[in-house]
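Subject: Structure handover

Dear colleague,

Here is the structure I said I would pass on. My notes follow below.

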Amino acid sequence: MAQEKKKNKAQIKREETAQKQAFLENTFKALLMALFESTKDNRQKIKVGINYQNYNRYIKCSTYAQSVEFKIFGDGNVVVHMEEFCHNPYDEQIFTYTSDTEAQSNFLTSFEKLAADIIKEFLDKGCLGWHAYIDYVEDHRNAAKALEIMYKEYVGEPADSEEAAHESE
């Protein structure tokens, strides 16, 4: 406690900035790993673009008439943007930055799985495919909840359980 009182405002600001930069780096790494894992057995053509603008990072996957873009903003917020030619574009902020390291850790744990599942649906290698997934997203207004409900209705179990079942065979 005595050390915290001795820190000046500039030192505190530097530490907060370093913590936010570490979170942004870890989020970007998790997204790249999810992209790699989701596409390693893919044979269809997919265009992947990575853009850096100021402190923001954007990774966009696109094919004919559909796209998914993950936006990692310099302020620490994370947004997913989805498009499909039969639907209106959909944006969802999936994380609002907080300096709480436990909340950041929980988000990173779930984010890599969520991103991988979204990319698999985008590539039509998930439960139903991109068009049907966007239908669920529009109904539930939540990307993670839409995946969960879709898997329960069509597979009978969440996405995690399906992978575990395949691994035990």
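Is Glu 25 buried, partly exposed or exposed? Glu 25 is partly exposed, with a relative accessible area of 43% (buried is under 20%, exposed over 50%, partly exposed in between, with a 1.4 Å probe and protein chains only).

The model is predicted, so local features need pLDDT of at least 70 and side-chain atom pairs pLDDT 80 or more, while totals for chains, interfaces and linings use all residues. Residues are numbered from 1 along each chain as its sequence is written, and side-chain values use heavy atoms, without hydrogens and water.

Salt bridges

There are four salt bridges in the structure (a side-chain nitrogen of Lys or Arg within 4 Å of a carboxyl oxygen of Asp or Glu). One of them joins Glu 25 to Lys 29, at 3.1 Å from N to O. These two are four residues apart in helix α2, and so about one helical turn (helices are DSSP runs of H or I, at least four residues, and strands runs of E, at least two, numbered from the N terminus). Lys 29 is partly exposed at 45%.

Another pairs Asp 117 with Lys 113, with the closest N and O atoms 2.6 Å apart. Here Asp 117 is buried, at 8% relative accessible area, whereas Lys 113 is partly exposed at 24%.

Helix α2

The 31 residues of α2 (residues 9–39) should span 45 Å at 1.5 Å a residue, and the end C-alpha atoms are 45 Å apart, which agrees (the expected span is 1.5 Å times one less than the number of residues). Its buried residues include Phe 23, Phe 28 and Leu 35.

Regards
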